[in-house]
Amino acid sequence: MVFGLFSLLMLWVTMPAPLQAFHLSGHAQGTTYAITYYAPDSVVTKEQVTQQLTEIDASLSLYHPGSLINQFNEARRGVLADRHLKIVGSAALRVYQDTDGLFDATVEPLVQAWGFGPQAPPAAAPTPATIRALLARVGSDKLHLRGDSLVKDVPTLRLDLNGIAQGYTVDVLAALLERHCIRDYLVELGGEIRVRGRKWPSGERWRVGIERPDTSAFAAPALQQIIDLTTGAITTSGNYRKFRQVGGVKNAHLINPKTGYPFQNEMISVTVIARDALTADAYDNALMGMDLAGALVFLRQHPELQVYLIYQRPNGTAADTATSGFQRLLLNP
Amino acid sequence: MTNFARRDFLQKTGLLTGGLLLPNGLIDVFATAPMADKIKIGIIGCGDRGKGLLKILQELPDKFEVIGLADELPFRLRDARKIDKAGKGKLYADYRALLDVRAIEAVIIAVPLHLHFAVAKAALLAGKQVFLEKTMTYDIPQAQELVRLAQQRPNQTLQVGHQYRYSPLYYRVKEMIAQGYLGKVTQIDCRWDRNGSWRRPLPEPGLERQINWRMYREYSGGLAAELLSHQMDFINWAFDTHADEIMGTGGIDYYKDGRETYDNVQVMVRYAREGMIGNFGATCANARDGYLFKLKGTKGTISLLIDEGIYYPEKETLKQYGTVDGVTGATKITWNKEGGIPITTGAEPLKDGSWYALSDFYRAIKENKTPDSNVLTGARTACTVHLANQAIYNHTIEKWRPEYSFS
């Protein structure tokens with residue numbers, strides 16, 4: 001009798017409690033975030049998420065006065081990097097080398113000079129002399145991680161990690177969930193997403209929609225691509241046909257960090273699936289800067305990336321293409 | 001590449017970005033390579049509206065050159081002179097003298113409603129290009145005659161100043177209606193309320209009827225003509241329709257100050273072909289709603305302000321979109337607190353509707369194209385307003401007649 005009760009108790013203790021869905025959402029980094037996770041109880045709270053976000057802002061945000069990245073930009077030589085700056089900085093350097101300099105987190109002064117930065121645009125296009133002067137303080141070859149320090153060869157070198165900080169933040173929030181033994185979750189911030197596991201109790205995989213740059217997709221959801229994902233990160237970068245007319249010349253907002261001049265390519269949007277959101281976010285930016293042929297060659301050398309591209313044909317119409325691995329994830333190819 | 005600040009364009013773009021989808025005309029407007037020849041223009045009527053348009057013209061120095069200003073009140077001419085930076089505008093007490101000036105190619109007419117027809121007719125006969133303030137005419141017979149006159153003069157532009165719908169926001173809304181965002185629209189709610197007498201202060205005693213012409217039925221179509229006509233015009237244009245049956249009521253319910261036009265009106269309109277009901281109201285005795293414009297359909301609602309629009313999908317529509325757990329995209333769908341999505345029109349901040357209207361006026365003249373707000377749409381709206389006022393003041397139910405449809 002006593003034994004029977006004991007074994008019943010054992011059974012009760014060892015049987016996992018049913019998983020419930022928990023949702024957290026809020027504002028961060030100039031955009032919004034949303035987290036869904038399945039757990040027996042609300043083991044991760046909004047306070048923990050906010051704390052994590054605040055910590056990242058204090059390290060990587062250019063909008064946060066006194067942040068570590070702002071200290072670095074003000075410093076002559078460099079700063080002692082914290083965990084966040086070290087991880088994101090080394091990822092930026094890795095992708096810089098991997099893309100032969102097309103992805104460059106130091107390009108910001110040139111972007112500003114051509115009028116695409118956050119500050120008020122200049123009245124006229126920069127002169128060749130100005131560009132030469134700016135090029136001297138641009139280039140990730142002047143940026144180094146030495147031990148715990150992030151250092152620069154030129155005092156005026158400025159770092160801008162906005163393009164990949166969101167992806168990294170998604171990874172940090174995913175890690176927060178993992179530390180609390182959560183294995184089924186979706187983390188989204190600013191349209192950058194990372195998932196693991198499945199939805200409960202249905203056992204369905206996570207379903208992620210890809211927003212088309214032409215937003216008539218909203219009226220006809222069938223046009224929107226939807227993929228099923230169990231593990232990984234998916235991010236999108238887009239060119240909003242953002243042009244600036246300076247004098248008689250219409251300039252695209254892509255700037256070649258090596259020449260200092262704007263260029264146009266046919267890319268409209270790039271969606272990347274990778275193991276983690278930092279990687280996906282870095283490569284979606286890099287691929288936006290390649291032409292279609294160059295991107296396809298690059299992707300053959302990077303089987304770990306699954307990519308969906310929307311581009312503009314010479315006749316102005318939009319077309320899309322995807323790597324074969326990506327096509328396999330499409331719900332209705 | 002980190003060559004843009006996401007935060008920056010997240011603020012400027014949104015889900016319903018329609019910048020690429022504007023009608024060709026407006027794309028041309030945005031893509032202005034400065035055209036060589038300016039249009040020499042005169043302004044007839046330098047009251048609030050005339051001066052407002054004069055200010056907008058200051059922002060379009062590559063398109064218009066103001067060389068004449070007409071008003072019978074000298075202090076208005078003095079005020080207008082101060083706004084006109086170039087200072088090339090000659091002053092005329094009599095608009096007919098301005099029309100006699102050969103060099104003036106185009107005129108803006110911003111006089112009290114009862115004068116619209118006479119001045120517009122004189123301007124057309126003088127060979128001018130005409131931008132005529134709304135409502136196009138005081139009554140239906142005048143609208144019919146102005147249409148006839150304009151049609152006899154195909155080389156002259158007559159644009160009617162329903163400026164709000166010239167905003168890219170309103171073009172986008174028209175497009176969204178066509179794309180089916182709203183589903184079947186059955187109800188449209190429009191208000192334009194204020195808590196105030198709607199009177200202008202008199203600079204000199206004795207000018208009551210000239211300054212506050214809106215208070216007198218002899219000169220004005222009241223709240224329906226001055227305010228509700230914009231929304232009536234937009235619905236006609238967006239749905240390519242007209243009212244079939246109009247009911248109305250109203251009264252001088254708060255400001256018993258000698259005015260004749262009502263300070264509180266309500267109009268109910270049946271659009272038979274569309275199966276829609278339009279509710280149009282204006283009061284001078286409550287400001288809570290202010291400007292309100294809601295289009296309600298089976299799939300969603302659009303709520304419009306002058307320069308802001310929000311799309312609220314219905315529950316069933318939401319479910320359709322909710323089949324995904326997340327959406328990746330660089331613009332990212334952002335819902336506001338009430339579950340609506342801001343309607344945006346591209347990275348450029350919206351300008352005043354009159355800026356777009358006058359830019360289109362320029363294009364219509366230069367390319368001899370019919371403006372979007374033209375004599376025919378203006379006449380249909382003028383007829384709607386006239387019928388609305390008949391219904392309001394006579395307590396009748398007014399019916400549309402085929403001859404009001406104009407073509």
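A: In chain B, helix α8(B) passes helix α10(B) in a right-handed crossing. A crossing is right-handed if the near helix is turned clockwise from the far one by less than a right angle, and left-handed if anticlockwise. This is a predicted model, in which local features need pLDDT of at least 70, side-chain atom pairs count only at pLDDT 80 or more, and totals for chains, interfaces and linings use all residues. Residues are numbered from 1 along each chain as its sequence is written, while chains are lettered from A and ligands numbered from 1 in the order in which they are written.

Helix α8 covers residues 168-178 of chain B and helix α10 covers residues 222-239 of chain B. Helices (H or I, at least four residues) and strands (E, at least two) are DSSP runs, numbered from the N terminus. The two axes are 9 Å apart and the helices pack at an angle of about 45°. Axes are lines fitted to C-alpha atoms, for helices over the stretch in contact, and angles run from 0 to 180 degrees between N-to-C directions. α8(B) and α10(B) are therefore oblique to each other; under 35 degrees counts as roughly parallel, over 145 as roughly antiparallel, 65 to 115 as roughly perpendicular and the rest as oblique.

From α8(B), B:Tyr170, B:Val173, B:Lys174 and B:Ile177 meet B:Phe234, B:Trp237, B:Ala238 and B:Phe239 of α10(B) (in contact: C-beta atoms, placed from the backbone, within 7 Å). By class, the residues of this contact are seven nonpolar, no polar and one charged. Ala, Val, Leu, Ile, Met, Phe, Trp, Tyr, Cys and Pro count as nonpolar, Asp, Glu, Lys and Arg as charged, and the others, Gly among them, as polar.

The axes of α4 (residues 83-98) and α7 (residues 162-179) of chain A come within 10 Å and cross at roughly 125°. α4(A) and α7(A) are therefore oblique to each other, and the crossing of α4(A) past α7(A) is right-handed. A:Ile87, A:Val88, A:Ala91 and A:Ala92 in α4(A) meet A:Ile164, A:Ala165 and A:Tyr168 in α7(A). This contact has seven nonpolar residues, with no polar and no charged ones.

An open sheet of three strands runs in the order β9(A)-β8(A)-β14(B), with mixed pairing. Its edge strands, each pairing on one side only, are β9 (225-229) of chain A and β14 (326-328) of chain B. From one strand to the next the twist averages 35°. β8 (residues 206-210) of chain A pairs with β9(A) in the antiparallel sense over five bridges, and two strands pair if DSSP finds at least two bridges between them. One such bridge joins A:Gly209 to A:Ile226 in β9(A).

Last comes confidence. Chain B has a mean pLDDT of 88, with 86% of its residues at 70 or more; pLDDT is the predictor's confidence in each residue, from 0 to 100. Over residues 1-35 of chain B the pLDDT stays under 50, although the model has 92 contacts beyond four places in sequence for that stretch. Chain A averages 85, and 84% of its residues score at least 70. The model scores ipTM 0.77 and pTM 0.65.

Key: Two residues are in contact if their C-beta atoms, placed from the backbone, lie within 7 Å.
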